[in-house]
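I opened my notebook to go through this structure step by step. Here is what I looked up, starting with a loop.

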Amino acid sequence: MKTPGEVLREGELEKRSDSLFQLWKKKRGVLTPDRLSLFPAGPGARPKELRFHSILKVDCVERTGKYVYFTIVTTDRKEIDFRCAGESCWNAAITLALIDFQNRRALQDFRSRQERVAPAPQPESRAACLP
């Protein structure tokens with residue numbers, strides 16, 4: 001089983017800024033079983049974290065020349081655009097980690113529902129054994 005702090009992938013990818021000019025900014029990405037952390041190029045800056053519980057899907061994958069473009073859609077329908085070098089396969093790694101996270105969460109939900117539905121074991125009644 002994967003631990004939340006385990007690094008699945010680390011490397012460079014680019015995020016499109018939300019500013020008027022929508023420039024591509026290089027980030028160091030760190031993918032773990034429960035989140036994607038994006039570290040800015042400058043030293044000492046805090047990372048932006050995209051936790052998988054707030055990600056709906058990875059969408060709009062397009063390959064053009066040397067880049068792969070993809071969009072992460074959050075549960076509140078916000079779209080965050082990324083691009084990476086074609087051979088880096090960041091989009092595939094994020095998609096697989098997200099599916100694994102969603103599967104683990106679905107299994108946990110199922111087990112907790114089963115535990116709530118299952119009747120509690122009844123203690124044996126000693127009165128039934130008396131003559």
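I began with Arg77, which sits in the loop between β6 (67-74) and β7 (79-85); strands are DSSP E runs of at least two residues and helices are H or I runs of at least four, numbered from the N terminus. Before going on, I noted that this is a predicted model, where local features need pLDDT of at least 70, side-chain atom pairs count only at pLDDT 80 or more, and totals for chains, interfaces and linings use all residues. Residues are numbered from 1 along each chain as its sequence is written, and side-chain values use heavy atoms, with hydrogens and water left out.

Back to Arg77: its phi is positive, about 70°, although it is not a glycine. I also found Arg77 exposed, at 59% relative accessible area (buried is under 20%, exposed over 50%, partly exposed in between, with a 1.4 Å probe and protein chains only).

Next I looked at Gln22, in the loop between β1 (9-16) and β2 (24-32). Gln22 has a positive phi too, near 50°, and is partly exposed at 41%. As a reminder to myself, most residues other than glycine have a negative phi.

Then I stepped back to the fold. I read one helix and seven strands, in the order β-β-β-β-β-β-β-α. Of the 131 residues, 30% count as buried.

Last, I checked the cysteines. How many disulfides does a search of the whole structure find? It finds zero, taking a disulfide as a pair of cysteine sulfur atoms within 2.5 Å. For Cys84, the nearest cysteine sulfur is that of Cys89, 7.4 Å away. Cys84 is buried, at 2% relative accessibility.
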